Amino acid sequence: MIRIAFAGKGGSGKSSVSGTFARLLARRDRPVLAVDSDPLPGMAYSLGIPVDDHPTPDDVVVEGPEGGPKWVLRPGLDAAGFIDQYAAAGPDDVRYLQFGNSWGHWSTLQRGQHAWSQVVREMDPNAWNVVGDLPGGTRQAMFGWAKYADVLALVVEPTAKSIQVARRLRNITKAEWSPEHVVVVANRIDHPDDVQRIHDALERPIIGAIPDDAAVTAADKRAAAPLDDGSGPFVDAVEQLVDTVESSYDAVS
Amino acid sequence: MLSSVPHTDTIIVADLEAGIGTLTRLPEQAVEHTLVIVEPTPRSIDVGLRAVQVATDRGQGSVTVVANKVANDEDDARVRSTFADHTVVAVPADRVVVRADREGASPLDFGAESPAVIAIGELAQLLTQ
Amino acid sequence: MRVAVVGKGGSGKTSVSGVLARSLARHGHHVIGLDCDTNPNLGLSLGVGDLETERLLSLRDQIDEGEQKHAHTWADILDAYGTDAPDGVRLTVVNRIDNPEPD
């Protein structure tokens, strides 16, 4: 099973990479659960799921026990059942689990977030290959929101700000908590020197170098999945990334 | 902290957290102006619409939308038509900003005459009129 | 006058803030750049460089951990946790990191 979470600065391309990665992985006959923990979800777009407003019904949770979480899954509903009933079905049979929903009322958002957290914590790690999209920046990674992951992939553009945020994320994985593997995906690369520069700054294995591809920018402007425009430099590079992850980071279940 | 600043001639430019988190937590009427930066993509515009709503509801001064990285008329029109009720200032896509970003420098130190820097200078004048 | 700058990550929010602050300063205004981002990098767009931007972040983290004596007035904060940027802009980093875990 592959369990990978993508992190990095906002706008570095995490959602495009993680959504495309999830679908290409699913095309290899693997059951794939895409988990989006950004309250402003972007992964739905890159998966090609026509929902960005996919709230979980309020009644999936009930008030939790004294001293425990505020909301817990209702009796009789476990993580597997939740995914079965409420994870959106996307192209290539990817299932998509969205963390809360910023457009909903706060109480709805909070219930959805609690449900999401419990599902991700309690789901059978051998039932799904998990591909996660963390929100931009360091907040969630810092507090261990990617504990489902064996691999944390830092998505880095060759800009000073993107490298700086990735370096902070890497430092957090040294100091606080870390998945087994912390690796780097270089994105929007248009000079070969850029990969070396990113490597020198982060000192972590670079497992993919994705070229700058105008087709991805164009897909962004249409809110379309890059994969639905057919192959191209971006999709080819993510395909190679899937090869690398399969050969090096497929946890034996 | 922003809302407790003494009222002086000083101009405070507060770069808030990405997304709308800080904006929703800011006390009401904490600022005189809110600038909502959007790229001409649906996802960025979604966040921008949400930010405009929150800033308006919570009385965060006059709201100006900055259409950033505008590459053509279509980009410009998309942002203007989405935010038809607001002042929209367009900042063109600009290689100088891209270069400065790569190097971790200020665009002003790379080309003070570049189109994006000029547009932001005009924005500065608009704010202080 | 106080100006808040918001937007999605990657929208160019920080680049606009940095150029705006320095443009205002060049027009003769006294300007403070306030970096409220959990990932502060306004320093880069103001032109103070990578090392100084990281130094301000570490100062802020010390405030968060309570290692530094808390500065109470604006002047104290600007003095202790700020740095001078080009064109006379004073930069300070202020945000605390909130635990986003649902409670």
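Author: Let's start with strand pairing: two strands pair if DSSP finds at least two bridges between them. Helices (H or I, at least four residues) and strands (E, at least two) are DSSP runs, numbered from the N terminus. Here, the bridge partner of Ala7(A) in E8(A) is Leu154(A).

Reader: In which sense do strand E1 and strand E8 of chain A pair?
Author: Parallel: E1 (residues 3–8) and E8 (residues 151–156) of chain A pair that way over 5 bridges.

Reader: Before we go on, what kind of model is this?
Author: This is a predicted model, where local features need pLDDT of at least 70 and side-chain atom pairs count only at pLDDT 80 or more, while totals for chains, interfaces and linings use all residues. Residues are numbered from 1 along each chain as its sequence is written, with chains lettered from A and ligands numbered from 1 in the order in which they are written.

Reader: Okay, what is the strand order in the open sheet of chain A?
Author: Its 8 strands run E5-E6-E2-E7-E1-E8-E9-E10, with mixed pairing. Strand E5 (88–89) and strand E10 (206–211) of chain A each have a single partner strand, so they are the edges, with one side of each lacking a neighbour in the sheet.

Reader: How many helices and strands does chain A have?
Author: Chain A has 9 helices and 10 strands.

Reader: How do I judge whether a residue is buried or exposed?
Author: Count the other C-beta atoms (placed from the backbone) within 10 Å of its own: 20 or more is buried, 12 or fewer is exposed, and in between is partly exposed. Leu40(A) counts as buried because it has 22 C-beta neighbours inside 10 Å. You'll find Leu40(A) in the loop between strand E2 (32–36) and helix H2 (43–47) of chain A. Across chain A, 53% of the 253 residues count as buried.

Reader: And how many residues of chain A are in contact with chain B?
Author: Contact means that the C-beta atoms of two residues, placed from the backbone, lie within 7 Å. By that rule, 14 residues of chain A are in contact with 12 residues of chain B. Helix H6 (160–175) and helix H8 (214–222) of chain A each supply at least two residues of the side that touches chain B.

Reader: One last thing: what does chain A span along its principal axes?
Author: The C-alpha trace of chain A spans about 55 × 40 × 35 Å.
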